[in-house]
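Student: I have a new structure to read. Please show me how to go about it.

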Amino acid sequence: MALLFRHPLTRSIPNSFTRFRLRPRRTMSSSSAQRLFQLKLDPLTGNSEWVVIDEEDQVSENPSEPLLSTTSYLDMLNDSRRNRAFREAIDKTVTKNCRVLDIGAGTGLLSMMAARAMGSGDSVACPRTEGMVTACESYLPMVKLMRKVLHLNGMGRKINVINKRSDELNIGVDITSRADVLVSEILDSELLGEGLIPTLQHAHDMLLVENAKTVPYRATTYGQLVESKFLWKLHDLYNNEAKALDNVCLVPAGQETILSIKQQQYAMHCDAIKEEIKLLSEPFKIFEFDFSKRPDSHEETELHIKAIDNGSVHAVVSWWILQLDCEGTIFYSTAPKWISVPFNINKSQTPFSSAGDWCDHWKQCVWFIPGKGIYVSKHEEVHLHAIHTDISISYNLKTQLSRTEIGQHDLFARDSQLILSPERVAIYGDSEWRLSMLTAIKNTLQGKVISLCVVTDDSIFLAILIAHLSRTSHVISLFPGLRDKGTQYLQAVADVNGFSMDRVEVLQNWKTCLTTLDTRQKKVDLLIGEPFYYGNEGMLPWQNLRFWKERTMLNSVLSEDVVIMPCKGILRACAMSLPDLWNSRRCLNKIEGLDHSVVNATLGACGDLPEAQEGPCLPYFVWQCGEIKELSEILTVMEFDFSKPINPCSGKAMVEFTETGICHGFVLWIDWVMDAENCTVLPTGPVHRYWKQGVKLLSKPISVGFHGSESTSGCFSTEIEASFDPSSGELIVKHTLS
């Protein structure tokens, strides 16, 4: 599995991506070549290695693992509203003899639109000084893909492709002169997270003429105060865990920030929780950014917002509206669907969201108000202090009556503070989940003497729970992701949870396996994990089978009657209708008249694929995937037996459809069996919204029905088959119609 992490001044690569550039080096032929290091991660060990990508390496036409399938490129290119808006604005802005710069060019779509607008395709003979498009893209694999797209569309000679970051460009070296027009789309759901401000600053300082034209022209951020119990559970562990019955205290009184989420905006499809949201204000304007001028790195604004209902403000939901042309006739909005046409914008002039316009590359953002939020009465005035830096927007909130500011709390102790994801915080605050864990462990400890327990993953909850329940046990936590942070956290909460750190140990820098030297000559009586690996929450469910791999590596120190929890994992599947998700991942042909068919294999597209070619499994919060519908019962495909060392395994299941509709794919997840004797199972399927599932989209959707239904056509059943390869950690999923 290849992981890349985005740089602020580059095109959108998801958070699972890191790249480092090397400066161009001379080859024996005196030509320049670019090299790039890409981090490759083994999901079953957590180990990583750097793989070198050379410019001479070719992008495979039919890669077995599509290199860019986990990026947002495909979803973005399938966003017809976005593509149409940019094309219309570029057609209005770009003239024949202008010089155009495209920053973060990706596949070259905007560059080709600009070249076409000025009539500078390869068939047009005009001097280089008349009109030129420069496409700047820092990510080498995307540069290779772009060159294929340009060649396919006959524009390779008139678009100058530069494999650099925009702040590495030099006038007179990389480009002959400053550009008249900037076309760029380096926007994330928050607007600023991809480095929009520093990119514009450098471009206006060094790369653009004075009074340059830009597409887009302007962006404006808006927000709304909301009450939502679901959103509250995603950040307030202190108040939510108070309802638990296990006497474990993850957040002691007076230390409310010792375990928390990062204070930032979180991208989320808020339409999926529309029925769970109570609106407490009208929409309000926050910041406006003019792309045609050099932006400021820092700005603050004080807003006075009148509450429209009684309730607790748990979050600020925000979005942005893009004005693409200077005249104000072409717009794009990321507003939730409960927002109709914002403010004074003419609906006939705008391609705003409507039903069926779901996309995954831009969502709304949620800023959580710490603690229980802040209670407001109808008509009460709320003061919102908004701040933007060059890469983010943050808020502080206070009411007129209380004058109590609720925003960025002082930290309890930075050394011992843990920052977890909102979903992990919600899991640890979930009474039902904690009760299941408590019940399973109590059943295991009953009548047994546990001398040594090893927590293999990053579960602080299990380390504390076992130390609290079993006063005679020595607990070793491996904390492969948390490491020192986990140690410092346990030290800070030990007293309030009734254990001393001489019974709880965090092993540092263990590499492959434990020995009896590490365990003080003891054998392990209880091996346990949730499993949860810090930083891996966005991965596919079966990549948590790292627990099985680590159980195998610890085999030599396990006692003969060791208890392993979970004792097994069950791979579940459900056939589903997923029209919005499938449309966002479908094969590309022509985008606004520009052929992109050569990118489908690399981007992991589905639909119209060759017979033998399968699309990848990708991780999603399925409940956020727009329109969804279950078409079958939940099936057991295969089981993973953790009582035995890791081994290849496979399974299959017959899918009998129980609903009529269009099947777009299968949703897969793992339910973890903690206690087989008492059937304590921790489910992670689509209805459990704190976990991601794996989605295997079909190459072509199929019409399905069930026996006894009115429909007499379509497929009534299919077979799904899965095989697990422990050497790579990959799960191969296939289906056959019957």
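Student: Where does helix α5 lie?

Tutor: Helices (H or I, at least four residues) and strands (E, at least two) are DSSP runs, numbered from the N terminus. Contact means heavy atoms within 4.5 Å. Axes are lines fitted to C-alpha atoms, for helices over the stretch in contact, and angles run from 0 to 180 degrees between N-to-C directions. Here, α5 (residues 196-207) lies across β7 (99-103), β10 and β11. Its direction runs at about 140° to β11.

Student: What should I know about the model and its numbering?

Tutor: This is a predicted model: local features need pLDDT of at least 70, side-chain atom pairs count only at pLDDT 80 or more, and totals for chains, interfaces and linings use all residues. Residues are numbered from 1 along each chain as its sequence is written, and side-chain values use heavy atoms, with hydrogens and water left out.

Student: What is the order of the strands in the open sheet?

Tutor: Two strands pair if DSSP finds at least two bridges between them. The open sheet has five strands in the order β9-β8-β7-β10-β11, with parallel pairing. Its edge strands are β9 (159-162) and β11 (208-215), each pairing on one side only. On average, neighbouring strands of this sheet are turned by 25° against each other, direction ignored.

Student: How many bridges join β10 and β11?

Tutor: Four, in the parallel sense; β10 covers residues 179-184. V181 stands opposite K213 in β11. Helix α2 (residues 80-93) also packs on the sheet and touches β10 and β11. The direction of α2 makes about 145° with that of β11.

Student: How do I read a salt bridge?

Tutor: Side chains of opposite charge can pair when their charged atoms come close. The cut-off is a side-chain nitrogen of Lys or Arg within 4 Å of a carboxyl oxygen of Asp or Glu. A search of the whole structure finds 22 salt bridges. One of them joins E241 and R434, with the closest N and O atoms 2.9 Å apart.

Student: Why does the pair of E241 and R434 tie together parts that are apart in sequence?

Tutor: E241 lies in the loop between α7 (237-240) and β13 (259-260), and R434 in helix α9 (residues 431-445), so the pair ties together parts 193 residues apart in sequence.

Student: Are E241 and R434 buried or exposed?

Tutor: Buried means under 20% relative accessible area, exposed over 50%, and partly exposed in between (1.4 Å probe, protein chains only). E241 has 6% relative accessibility, so it counts as buried. R434 has 1%, so it is buried too.

Student: Which side chain does E530 meet in a salt bridge?

Tutor: That of R424, at 2.4 Å from N to O. E530 is in the loop between β29 (524-528) and α12 (546-553), and R424 is in helix α8 (residues 422-428), 106 residues apart. Both E530 and R424 are buried.

Student: Which residues touch the most other members of the largest nonpolar core?

Tutor: A nonpolar core is a set of buried Ala, Val, Leu, Ile, Met, Phe, Trp, Tyr and Cys residues joined through side-chain atoms within 4.5 Å. The largest has 118 residues, and L250, L259 and F640 touch the most other members. Helix α10 (residues 460-469) gives the most to this core, with eight residues. Apart from this core lies another, of 91 residues, including Y73 and V313.
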